[in-house]
Amino acid sequence: MTRDVNWALAHKQQTLFKRARIIQDIRAFFIADDFLEVETPHRIPANAPEQHIDAVASDGWFLHTSPELAMKRLLAAGYARLFQVCRVWRAAERGSRHLPEFSLLEWYRAEIDYHVLMHDCERLLTHLVPEQRISWQGHTFDLTPPWERLTLHDAFVQHAGISLQEALQENRFEEILVNQVEPQLGQGKPTFLIEYPAEMAALARTKPGEPTIAERFELYIGGFELANAFSELNDPAEQRDRFQREEKQRRDAGKPPAPLPEAFLNELGRMPEAAGIAFGIDRLIMLLTDQAEIAEVVAFAPEQL
Amino acid sequence: MSYSCSDLKKGLKLMIDGEPHVIAQFDFTKPGKGQALYKCKLRNMITGALFDRTYRSGESFDPASLEERDMQYLYQDETGYVFMDNKTYEQVVLDADTLADDRYFLVDNMEVKILLFGERGIGVTLPNFVNLRVTQSDPWVKGDTAAGNNKPATVETGYTLQVPSFVEPGTLIQIDTRTGDYVTRVKE
């Protein structure tokens, strides 16, 4: 028997105070900006089928991997500005920046495209960090807007000396992105990595006049991927095709089948032009509390249970 | 038996190009909506050479073919750290580079497992916990009663780690040899 408190838990106290404060500040920002905070079910009959995201099964249904589908059904029902802070689950994801159960902030707005969401990100961070500077593990980041906008294509050429096309053809996209491109992104100042190949954004609409490019961006600070956003696809037939394609790729890779989210597909045709974003709260808190490991910003990592 | 990517973790020993390697650092990563990558820093257990490898789902690995033998830590001399098999009296010497941080957790007569690749000692498996006395640490700051505050401390073997602010020089503490982290004070 030990006579001391559980040190692994006790030493996180300061960080957890900061964590709670940051989440309260996030809520205050959206509430002041006339967003409606919503809570949608964590356990659902179907997620959006995605080739590389595995849901956790729960008594015949699934834990949600993102509240996206429910949020978009609300958009389709006429809600114009929505946000949610919730736990989501993704099977077998555990690393220095990944937890299988983690906290997401998502927000959605009708009648806008993804450019407006980039401004939202700049405003949110300025609200959370009024001094507009963060220092993380010896690196300093200047948050003064506007932040850099860099296309995925230019990022590969600039930081890895290879065209996006070539990286994809050689099946080295993820490897080059993770080892060569990402560490260079958002250094000194945040970077929006924009314009993804359409096949890498199953729920995004394509750029007007450019059917091969999706209006998707990811936000990076200090090599950290913090958020993923897009202008939302609202064509139900096209969405069904894309889900079926993802589902086929899952089956070909020997993964368990994922049912199609029929209620979402039925209502998607009523959704206005809109854009939405998923922002990783735990990673944001890592940056704002100068922590190198995601386990340090939550009370319990899975290994501590 | 072989390992898949989901088995990879720090400390796992694999056979790569016919030589035993240990995963010195491990991270799981997954960009955006892309496929999972398993980033490993591998140490060749014979040469000590370190290098990076990134694997993806679907790859498989053979476990390193190593023999593990119960031995006792005797002493350190100019040849290195000396261990002995108490049944055969056979001795094996490991150098500081091979032991890395494990050398800080050796206590005289400690029962350990020595890893052998053929005849050659290439590593040690220590008991999970070791008790060591703090030799140096900044004094407790009066008024600092927050449960979460920590400070650096050095123990008798020269190892430095973070401890709670109430730990003072002379205190016997328990350290987890797998992570090198402070666990608790030890009642004497």
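Modeller: Welcome! This is a predicted model, where local features need pLDDT of at least 70, side-chain atom pairs count only at pLDDT 80 or more, and totals for chains, interfaces and linings use all residues. Residues are numbered from 1 along each chain as its sequence is written, and side-chain values use heavy atoms, leaving out hydrogens and water.

Colleague: Thanks! What makes α5(A) oblique to α7(A)?

Modeller: Helix α5 (residues 152-160) of chain A and helix α7 (residues 173-181) of chain A pack at an angle of about 60 degrees, their axes 10 Å apart. Angles under 35 degrees count as roughly parallel, over 145 as roughly antiparallel, 65 to 115 as roughly perpendicular and the rest as oblique, so α5(A) is oblique to α7(A).

Colleague: Which residues of α5(A) and α7(A) meet?

Modeller: With contact meaning heavy atoms within 4.5 Å, A:Leu152, A:Ala155, A:Phe156, A:His159 and A:Ala160 in α5(A) meet A:Phe173, A:Ile176, A:Leu177, A:Gln180 and A:Val181 in α7(A). By class, that contact has eight nonpolar, two polar and no charged residues. Here Ala, Val, Leu, Ile, Met, Phe, Trp, Tyr, Cys and Pro count as nonpolar, Asp, Glu, Lys and Arg as charged, and the others, Gly among them, as polar.

Colleague: And what share of the residues of chain B count as buried?

Modeller: Buried means under 20% relative accessible area (1.4 Å probe, protein chains only), and 45% of the 188 residues of chain B count as such. The C-alpha atoms of chain B fill a box of roughly 55 × 55 × 25 Å, taken along the principal axes.

Note on methods
Chains are lettered from A and ligands numbered from 1 in the order in which they are written. Axes are lines fitted to C-alpha atoms, for helices over the stretch in contact, and angles run from 0 to 180 degrees between N-to-C directions. Helices (H or I, at least four residues) and strands (E, at least two) are DSSP runs, numbered from the N terminus. Buried means under 20% relative accessible area, exposed over 50%, partly exposed in between (1.4 Å probe, protein chains only).
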